Amino acid sequence: MKCPNCLFDNLDSSSFCAKCGKPFSYARNGIGATESLPKKKRKASKKSSARKPSIKKTSTTTKKRSESTKRKPKNEMRTVPLKKMSPKEGDTRDRKNILKGVEITPLDNVIYEGAEKEDGPIPMASENGSSSPQLEPLATANAELPKVLWPELQSQIRIEELVSDAQEKTELREEAPPKRSLQDRVQSLRPFARFLSMIRNLAPKGPFKPLTRRFFYIGAALLAGTAVWIALVKPLVLDRARASKTPAHPVLAVMNFVNNTNQDRFEPWSKALPFALATHLSHSSDIHVLSPERVFSALQGSVLWEQDRASYSRSDLKELAAMTNADLILIGSLADNGGSIQIETAVKRTKDGNDLFEDSRAVSSESEILAHAGSLAQRIDEELNTSRTENGPVGHNNNGVVNSPIPDAYKQYVQGQWQFWQKQYRGSILAYESALELDPEFAQAYVEMGKAYAALGYLSRAAKHYQAALERIDRLTEEERLQVQGELYRLSEKTLLIAQDIYLRLLEISPDDPRTRVHLGELYTRLGLWDKAARTYELSIVKQVETPDIYLGQSMNYALQGDYKLAQETISSNIQELPDFAFFRMQLAWIHLMQGDFSAALGELERGYALHPFYALIRMKGDVLLLSEDLISASSEYGKLLLDEEPIVRLWGNQRLAKLFLLQGKFKQAREQLSLGLKEAEANKERGWSYRFYLDLARLSLERGNPRRALLECDSAWDIAMQGETREFPRQVLFLRGLAYLALRRINEAEKTAGLLKSLCEKGPGQDRMRSYLLLKGRIEMSRRNFVQAIEYIRQSVELLPLEGPPVWEQNDHALYYDALAEAFYARGDPGRAYEELNKLRALSTGRLGFGDLYARTFYKQAKISEEKLFPETAAKLYAKFLFFWGEGDPGSSDLSDARLRLRAIQGQFP
């Protein structure tokens, strides 16, 4: 049994730890074991645990945290739940692991019961008896993946190997002690200050005891110095030592081999052979192997990458060690040996250049090259006195071949990998397709093709390729299978909690895998678990498994909490080491955008585009120009997206141009762009994009006073969601449907839709999703002219708004809420409060990006209020600003014609 205070293995059954001496209690099999607490606190914990099932929580501190974050007490009851728990029991956003063998039900089974269309209720039962049509039962972790992405909604899930109690203990053992901020350390000195003050009052007084008083103050000074050392200096020294700590095991960097055969057909093997060796060695328990991707990222563009590996000098090796943190380097070459291929391999120390391993072997065919990789890796493994894990090396299947037994297929696969690392995603897809033509059962090729499609933005295609890989599960190891499932489940809001469990399991298998830590940090950020996300990123840096994505995720985590200064510092402190990483520039541009510094944002985007001309930088540049009201330049940037050969880029162009036309009051042109985008999405079978376009069309129909058409478009979006083709729960569909019913004055149908929306908002992680239900309820109360209740509903929805996120986030719907609250205040007869809420809408950045019509109308509404308050000059300026946006808008708009008349009237009064 381990002591909960110091994690020391106590072999006896006493109630005191043999190492730290602190008391603790045992419980059979570790179930119900708690930390030592005072009796009063222990009784209180028992009372609270009797009222509701307890979920294990751990207190976390981060290196740098926002001021709003609260510190949890150290002596907090830690218990292990004894029964199955659903998210309704406790907070799903801080859910811990459950005992092995217990089923996880992260979401309820039925969500659409009672939903209705205009032509009648939606059928709720299918042939297989599930609660929704066309949906299959949820697969387990060991079974094939269902064909849709809604598995958790149909039946309970059982992922036995992902939810063991040892998982939490492993996480506690591997993590370094949490760091304390300087402010926390200074706060810890306050008790000592009070103690010294008390000592001073007790000090000997009087003229006859100067010597006694001197020794007394010397002792007090020593005591104060000791307190300062313990609270401030010692933690700083330990933090620096921990940060500079090198990995416990030697780090091996695998370099590309040199092709000395003068034959182009062996050039792919200069990459494929070392790639196979790295794959074989990657799970050695006593050595840390740098993947070819990390070596490529570290050395790309340097002289060392172009130089002949065999000619590395001692200074070259030291420079390589500084760039990669590698202790060992594996190099090799291919040479022509009279009809056979001579493979030379060596492992050197980067410290002194001495050889630790040498091998030379001649092979007669390309198939023998691939087979040679396995035996060579085993010899290197034995020579370096490393041991294997029980599951064997990554990439092995039951036949002992690396991923594919066909040499040409494997060469194409590695070629695709290299192109992917250079962000040539379309070229990598073509290489993977060539590999699959040669070996249709090549599971890992499906996985990597899914990643390439995801990088381009084709999430539906990515999901299908991940599913195809899982259908060939016999060609995947346990770790590879978990990685595929993690990639798939993290795509959808509906399966984020399952993805979290999978990545925790992956950390047990491979604690130093940077991809797993990046994905886990991203999940915590999406769930709003800021402390967990920060701890995940900081632990990666301490363990020296950081990648550029680690710093991007860390910066994003700070920015979404509103700490833009710390977010910017995180990127700026690492941009010198990776000056060619364009996405650092994009992240900085977003941080500047959120602070209203448009010129700085545009400068960073220009620098990023010069490094890597990726379409996301063009799209974001257009967004910044739109928000800074440079509409002509924004239109030019969005137009570039329409000229791209990639269909997904053209979809972004259609969507962004529609948003620009909304801001200008050009609703017909906005509908044209959305319709073109819908046709493009349907042609490319990107149903997720079709869903978005239907939602935008429905809102546009409501804006133009055609609620019946909006209902039809909502039904089309709903059908796509029912087929499992959306990443999020279709809350927005029900919200727009409810607004359409209100426009038709069918309040009873709107109430039923609100009830269904409420049940849907309760699903999934993140309770802030309730805001759409509260907003719809507020709109319903406004239609009943119950303005006081309407304001209360909408005010609660505004309180649930998160901070504005990147321009591509779908949660950036803040303008809807401030506009509704302003309307409610104005209808109640409080134009002053309405004016204030409209000011909040005008101050938004990305939160108004998709609602340009509402943003433009704020000036019109504020102008009317100013005119009512007898401020005609202010009203004239606001009317002119509104006409700046809508001056060339569609004719026939009542707001447009009214604004022109009112402006002329004011100008007539004040010529």
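N259 is buried, with a relative accessible area of 18%; here buried means under 20% relative accessible area, exposed over 50% and partly exposed in between (1.4 Å probe, protein chains only). This is a predicted model, where local features need pLDDT of at least 70, side-chain atom pairs count only at pLDDT 80 or more, and totals for chains, interfaces and linings use all residues. Residues are numbered from 1 along each chain as its sequence is written, and side-chain values use heavy atoms, with hydrogens and water left out. Helices (H or I, at least four residues) and strands (E, at least two) are DSSP runs, numbered from the N terminus.

**Around N259**

- N259 sits in strand β4, which covers residues 258–260.
- Its side chain has a polar contact of 2.5 Å with the side chain of T261 and another, of 3.0 Å, with the side chain of E267.
- A polar contact is a pair of N or O atoms within 3.5 Å; within protein, one must be able to donate a hydrogen and the other to accept it, and residues adjacent in sequence count only if both atoms are side-chain atoms.
- Leaving aside residues up to four places away in sequence, N259 touches F266, E267, S270 and L334, where contact means heavy atoms within 4.5 Å.

**Strand β3 and its partners**

- In strand β3 (residues 251–254), V251 and A253 point one way while L252 and V254 point the other way, and all are buried.
- β3 runs parallel to β5 (residues 288–290), joined by three bridges, and A253 faces L290 there.
- β3 also pairs in the parallel sense with β6 (residues 328–337), over three bridges, with I329 as the bridge partner of A253.
- Two strands count as paired if DSSP finds at least two bridges between them.

**Helix α13**

- Helix α13 (residues 443–456) has 14 residues and should span 20 Å at 1.5 Å a residue; its end C-alpha atoms are 21 Å apart, which agrees.
- The expected span is 1.5 Å times one less than the number of residues in the helix.
- Because 12 of its 14 residues are buried, α13 is largely enclosed by the rest of the structure; among them are Y446, M449, Y453 and L456.
- G457 follows α13 and has a positive phi, near 105°.

**Helix α15**

- α15 is mostly covered, with 11 of its 12 residues buried, including R481, L482 and Y489.
- These buried residues pack against α13, α14 (459–470), α16 (496–509) and α17 (514–526).
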